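Work through the exercises below with the model open. Each task is followed by a worked solution.

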Amino acid sequence: MPKLGMEPIRRAALVQATIAEIGEAGSLDVTVSKIAKRAGMSSALAHHYFGGKDQIFVAAMRQILREYGDEVRSELGKAAGPRDRAEAILRANFAPTCFAPANVSAWMTFYAQAQTNPQAMRLLRVYQARLRSNLTHALRPLCADPAGAADLMAALIDGLYLRSALTKPDADPLGRALSFLRTLTEGGK
């Protein structure tokens, strides 16, 4: 069996340290030196593996998006019908692994970074297109305007993340999202 080299281990440690540092700071106002120190290595080694803070952060967001994708696939695998699929997508978005405070902070800084970083913007667009596609597919048999409903659901998800990052988080963001889904698909009944 091939031996795992140090590079993937160190890269993973830097990615996890980046998420933790951003979560602690609540912004991108962290340094490569702080990230490297948390990961137990020198900033020179961090620069060697990633090149700079922007590249480390994009790698961290890729990791968060991989974990999110795993959560979505897991939840969708349990879904039996369209409503179950829509609810599964919401459960994945507010799963403890995805809605952890450090991840919420990373998401908010990701949105800000996407305004100036083309790699981050590309990742954001891929995420948004996939979310919209999954929601539209699930909502198609449930409402008259599935694309519009998907856009509203995506905006609600973003809003609940934003609220969690900037103010006291909702006690039950998943419950709010599921209630809104019922309103969209049952005409408010």
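**Exercise 1. Determine how many helices and strands the protein chain has.**

The protein chain has 9 helices and 0 strands. Helices (H or I, at least four residues) and strands (E, at least two) are DSSP runs, numbered from the N terminus. The pattern along the sequence reads α-α-α-α-α-α-α-α-α. The C-alpha trace spans about 60 × 45 × 30 Å along its principal axes. Of the 189 residues, 43% are buried (under 20% relative accessible area, with exposed over 50% and partly exposed in between; 1.4 Å probe, protein chains only).

This is a predicted model, in which local features need pLDDT of at least 70, side-chain atom pairs count only at pLDDT 80 or more, and totals for chains, interfaces and linings use all residues. Residues are numbered from 1 along each chain as its sequence is written, and side-chain values use heavy atoms, with hydrogens and water left out.

**Exercise 2. Describe how helix H6 and helix H7 cross.**

Step 1: geometry. The axes of H6 (residues 101-114) and H7 (residues 118-139) come within 8 Å and cross at roughly 120°. Axes are lines fitted to C-alpha atoms, for helices over the stretch in contact, and angles run from 0 to 180 degrees between N-to-C directions.

Step 2: class. H6 is therefore oblique to H7. Angles under 35 degrees count as roughly parallel, over 145 as roughly antiparallel, 65 to 115 as roughly perpendicular and the rest as oblique.

Step 3: contacts (heavy atoms within 4.5 Å). H6 contributes Trp 107, Phe 110, Tyr 111, Gln 113 and Ala 114. They meet Ala 120, Met 121, Leu 123, Leu 124, Tyr 127 and Gln 128 in H7.

**Exercise 3. Find the aromatic pairs and classify the pair of Phe 99 and Tyr 161.**

Step 1: search. The whole structure holds 9 aromatic pairs. Rings of Phe, Tyr and Trp (its six-membered ring) pair if their centres lie within 6.5 Å; planes under 30 degrees apart count as stacked, over 60 as edge-to-face and the rest as tilted.

Step 2: classify. Phe 99 and Tyr 161 are edge-to-face, 4.8 Å centre to centre with 90° between the planes. Phe 99 lies in the loop between helix H5 (82-93) and H6, and Tyr 161 in helix H8 (residues 146-166), so the pair ties together parts 62 residues apart in sequence.

Step 3: burial. Phe 99 is buried at 15% relative accessibility. Tyr 161 is buried at 5%.

**Exercise 4. Classify the ring pair of Trp 107 and Tyr 127.**

The centres are 4.7 Å apart and the planes at 55°, so the pair is tilted. Trp 107 in H6 and Tyr 127 in H7 are 20 residues apart. Both Trp 107 and Tyr 127 are buried.
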